[in-house]
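I opened this model to look up a few things. My notes follow in the order I took them.

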Amino acid sequence: MRMLLKSMLAMIAALSLWPAALSATPIEEKNLVKGKQTINSQFGYIYIHGNRRHQGVFLPIPTDEERAAFEEERKRNVDGVKARNAEKQKAWAAKRDANGGREPPLPTLEVVASKWMAPFELQRPALFGPSYVFAKWKQPDHYAYLTEVRPGRYYYYGPMMGAGGFGLCFCMGSFWFEVGEGEIVNLGDMVANMGADSLGPVPGVSPREFDLATVDYALPASLAAYPNRVPDLHPYGKSKNFFGVTIGRAPPIKGVLGYHRGEVVDPKNAAEMALPSPTE
Amino acid sequence: MKRLIVVAALLLSGTAQAEVLGDKPAPVRTFAEADIAAIPRPNIVFTPTSEITGNYHKYHYFHREGTSFDEAYADVVECDVYASGISVTTSAPMVWTPQTGYGADPAAQAFSNLVFGSDIRRELARNNRRFCMGVKGYSRYGIDEGNWKTFNLEEGLSRAPQQERDAALAKQALVASGPKPEQEALEP
């Protein structure tokens, strides 16, 4: 009963977080048809569908240059705040000394903007579902999501809801793909159907290997005319548990993603590949 | 040893390295034999009662045969990273959104904090550690609360001081790489 109550409260908390969960723009078919939203050549699009409402998070993978530029800007901002605060404190001390030791009111110090406390990956997460469907169909029930993102590399962070931390992160292994300018990257119904390797009845025993040959890549007629492709998938190593949620990993994907114990293995490489650990 | 092979593989195959992305590997720490010998070995022998066995979901430890202390330590530390800092909350970084900028999350997180008690965090932490050690091939063994507390941290809303944490992790690694427990393993 207590757990049930907690679950219900948790759901309310999740819903309260929901407006904060839309950092990539969901595209809706009705808006696309009416011209209120467009497939823009400056952005890329991730298409997902399945026989139920579902949700998940894709996180951007920075290039070395992007990471360096971000870190530089972060440092500039943090250093700027520190320097200005130091100036204020110095001025305050000077005033105190001039007053013969009587302390003037304390200065208001600046705080570093929270933006600079989040790593690059969380600056523009691409979240989808369960609301804001691209389209839904009845009999049988079917839901599709189209998410507008900045072009680049993305990895699947897992079936998480919102940015507040519900669901599961694929922190111990996942896959990544490239999203190009003006194109729809079609993941079909794989995300909805692939399942997860998580603390189930027998943790550590991976679920069945997921076969991409079983994925339904059908696109609705409203999208068929736009440039679209099924992306090449690549293994992604371990990732930090940014939100402090339950961890798991993607199931093995035939020809794409494998595991040796806790390590991620690239089945395409003869040499075993692995990324040992996220550092703190 | 396996980690060394992996690191060597990474160094040797520059092109393949680009194929697998993820966080940078943590530095592998090696311990001198004298350092390992200086770690007090926790007691894992106890007499099970129904009350003790009923709490195995909370109080357990891990062991893997043929594992060196260094390997076990690296694994224990990695799994601790995944299991600690379970927050759903104030320590979670904020995410920019077009609707709210960086504004809405603190309140929402404070609310989450209120909703999730420390017990649910402990449960999440236990599950994460269990999954992480499980996929690494460690078996899980039940233990009584008293002995468990001598080499594990019971963290709820607060985080244990680093020194205490380091000592606990070293003891866990010692047990994980030590003699095989005589009791039956639990399901992973």
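I counted elements in chain B and found nine helices and two strands. I note that the model is a predicted one. Reading chain B from the N terminus, I wrote the order down as α-α-α-α-β-α-α-α-β-α-α.

Next I looked up burial. Of the 188 residues in chain B, 37% are buried. I then took the chain B contacts with a separation of 6 or more. Residues 24 or more positions apart account for 84% of them.

I turned to the nonpolar core. Which residues have the most contacts inside the largest one? I found I46(A), Y154(A), Y155(A) and F175(A), in a core of 85 residues. The element that gives the most to this core is helix α5 of chain B, residues 69-83, with nine residues.

I followed up Y154(A). Setting aside neighbours within four places in sequence, I listed its contacts: F58(A), L59(A), P60(A), I61(A), A126(A), V149(A), W176(A), F177(A) and V179(A).

Then I went to P151(A). I placed P151(A) in the loop of chain A between β6 (142-149) and β7 (152-158).

Last, I checked a distance. P151(A) and F210(A) are 59 residues apart in sequence. Their C-alpha atoms are 27 Å apart in space.

Key. Residues numbered from 1 in each chain as written. Chains lettered and ligands numbered in written order. Predicted model: local features only at pLDDT ≥ 70, side-chain atom pairs only at ≥ 80, totals over all residues. Helix = DSSP H or I, 4+ residues; strand = E, 2+ residues; numbered from the N terminus. Buried ≥ 20, exposed ≤ 12 C-beta atoms within 10 Å, placed from the backbone. Contact = placed C-beta atoms within 7 Å. Core = buried A, V, L, I, M, F, W, Y, C linked by C-beta atoms within 7 Å.
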